[in-house]
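Here is a short briefing on one protein chain. Look over the sequence and the model before reading on.

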Amino acid sequence: MAASKLDQLRTMTEVVADTGDIEAIAKYQPVDATTNPSLLYKAAQMPQYDELIEATAAAVRDAN
């Protein structure tokens, strides 16, 4: 089977994720990910992360 373009790219450089999408990061397993607040904010608005955001907000409230 031929190597995918991503696999070919990995032989030449380190792959980083310029996204806040946790599922994409898990899928592509980059060596690093963004800390860009606008991308993280956009990902935090994705419906699949509602439960995670609520749990995190509750933990912060409980800690204070």
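A contact means heavy atoms within 4.5 Å. By that count, residues 24 or more positions apart supply 18% of the contacts in the protein chain with a separation of 6 or more. The model is predicted: local features need pLDDT of at least 70, side-chain atom pairs count only at pLDDT 80 or more, and totals for chains, interfaces and linings use all residues. Residues are numbered from 1 along each chain as its sequence is written, and side-chain values use heavy atoms, with hydrogens and water left out.

**Fold and overall form**
- The protein chain has four helices and two strands (DSSP runs: helices are H or I, at least four residues; strands are E, at least two).
- Read from the N terminus, the order is α-β-α-β-α-α.
- The radius of gyration is 16 Å, well over the 11 Å that the globule rule gives for 64 residues, so the protein chain is more spread out than a compact globule. This radius is taken over C-alpha atoms, and the rule is 2.2 Å times the number of residues to the power 0.38.
- Along the principal axes, the C-alpha atoms fill a box of roughly 50 × 20 × 20 Å.

**Surface**
- Buried residues make up 12% of the 64 residues (buried is under 20% relative accessible area, exposed over 50%, partly exposed in between; 1.4 Å probe, protein chains only).
- The protein chain exposes about 5,300 Å², and carbon and sulfur atoms supply 57% of it (Shrake-Rupley method, 1.4 Å probe).

**Asp50**
- Asp50 sits in helix α4, residues 50-63.
- Asp50 is partly exposed, at 43% relative accessible area.
- Asp50 and Gln8 lie 42 residues apart in sequence and 35 Å apart in space, C-alpha to C-alpha.
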